[in-house]
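Hi there,

Here is the protein I promised to pass on to you. Have a look at it first, and then read on for my notes.

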Amino acid sequence: MVSETLKKQIDRFLLAFGFSLMFGIMILGQEFRQAVGEAVGVLMDPVLALVGQENFHLILLVMAAITALYASLIQKYTIDWELMRNTQERMKVFQKEFREAQLSQNTYMLKKLEDQRKEMMEDQMKMSKQQFKPMAYISIISLPLFMWAYYFISGHGNATMVFPFWGEQLLTSKAFGPFQHWIYWYFISSIGVSQLIRKALNIGGV
């Protein structure tokens with residue numbers, strides 16, 4: 001009984017901490033982001049010193065891999081993937097039947113499908129809640145790391161990396177729209193590693 005209570009308290013604390021980070025970064029602005037970056041720097045700066053500042057892109061790659069692994073494990077054990085797959089399959093069948101009923105003007109079938117829609121909406125709400133909760137857990141690791149990278153790169157505007165087809169680029173220069181090259185590299189690395197991990201863990205959509 002005590003262990004279950006403690007587990008719930010830890011769970012609430014982690015959720016509160018995760019959401020506080022998310023909202024703090026959005027609402028409190030630059031000073032908060034810099035404070036988080038400086039705090040994480042206590043751990044990350046010595047690592048960067050070993051690797052070398054000229055290899056900052058390698059640190060971004062490792063960060064992306066850590067974030068992808070952590071996020072995938074959290075999602076694997078907090079989301080009911082069977083429910084998600086079943087709901088997605090049912091939605092495909094429902095949409096097909098609904099279109100056919102509309103085209104044939106089958107009022108009986110439309111009424112029946114409306115009743116099914118209510119059940120499916122409940123399942124979709126469950127899915128949304130399951131996906132919302134892991135965001136808080138993931139943000140505990142990913143946001144501080146990202147804020148450290150943001151804080152560091154802001155003070156090292158001369159850092160460069162060689163990109164395929166683009167050649168050598170400043171990591172602080174714009175790649176696409178408002179996204180700088182370091183952010184582009186971070187997310188591309190994260191997506192690539194994440195796909196491999198999710199495949200290995202057999203998680204994801206249908």
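A contact, in these notes, means heavy atoms within 4.5 Å. Leaving aside neighbours within four places in sequence, T160 is in contact with E168, Q169, L170 and L171. Before I go further, please keep in mind that this is a predicted model, where local features need pLDDT of at least 70 and side-chain atom pairs count only at pLDDT 80 or more, while totals for chains, interfaces and linings use all residues. Residues are numbered from 1 along each chain as its sequence is written, and side-chain values use heavy atoms, with hydrogens and water left out.

Overall layout

The protein has six helices and four strands, where helices (H or I, at least four residues) and strands (E, at least two) are DSSP runs numbered from the N terminus. Read from the N terminus, the order of the elements is α-α-α-α-α-β-β-β-β-α.

The radius of gyration is 22 Å, whereas a compact globule of 206 residues would have one near 17 Å. That radius is taken over C-alpha atoms, and the globule rule is 2.2 Å times the number of residues to the power 0.38. Along the principal axes, the C-alpha atoms fill a box of roughly 70 × 55 × 35 Å. Of the contacts between residues at least 6 apart in sequence, 67% join residues at least 24 apart.

The accessible surface is about 13200 Å², and 63% of it belongs to carbon and sulfur atoms; the areas come from the Shrake-Rupley method with a 1.4 Å probe, and for residues only the protein chains shown count as cover. Buried residues make up 34% of the 206 residues. Here buried means under 20% relative accessible area, exposed over 50%, and partly exposed in between (1.4 Å probe, protein chains only).

On charges, the mean positions of the 20 positive and 17 negative ones are 6 Å apart. Lys and Arg count as positive and Asp and Glu as negative, with His and the chain ends not counted; each charge is placed at NZ of Lys, CZ of Arg, CG of Asp or CD of Glu.

The cores

In soluble globular proteins, nonpolar side chains tend to be buried together. Which residues have the most contacts inside the largest nonpolar core? They are F56, L60, M63, W148, L171 and W182, in a core of 26 residues. A nonpolar core is a set of buried Ala, Val, Leu, Ile, Met, Phe, Trp, Tyr and Cys residues joined through side-chain atoms within 4.5 Å. The elements giving two or more residues to this core are α1 (2-27), α2 (30-51), α3 (56-78), α5 (107-154), β1 (160-163) and α6 (181-201). Of these, α5 gives the most, with seven residues. There is also a second, separate core of eight residues, which includes F19, A71, A136 and I138.

Neighbours within four places aside, L171 is in contact with F56, I153, A159, T160, M161, F163, Q180, H181 and W182. T160 and W182 are 22 residues apart in sequence and 9.0 Å apart in space, C-alpha to C-alpha.

Residues along the helices

Helix α3 holds both T67 and T78. T67 counts as buried because its relative accessibility is 9%, and beyond four places in sequence T67 is in contact with S142, L145 and Y186. T78 and Q131 are 53 residues apart in sequence and 8.2 Å apart in space, C-alpha to C-alpha.

Not counting residues up to four places away in sequence, S189 touches L61 and A64.

V36 lies in helix α2 and is buried, with a relative accessible area of 12%. On the same terms, V36 touches L21, P144 and M147. The C-alpha atoms of V36 and I197, 161 residues apart along the chain, are separated by 28 Å.

Finally, K126 is in helix α5 and is partly exposed, with a relative accessible area of 48%. K126 and D80 are 46 residues apart in sequence and 9.4 Å apart in space, C-alpha to C-alpha.

Best wishes
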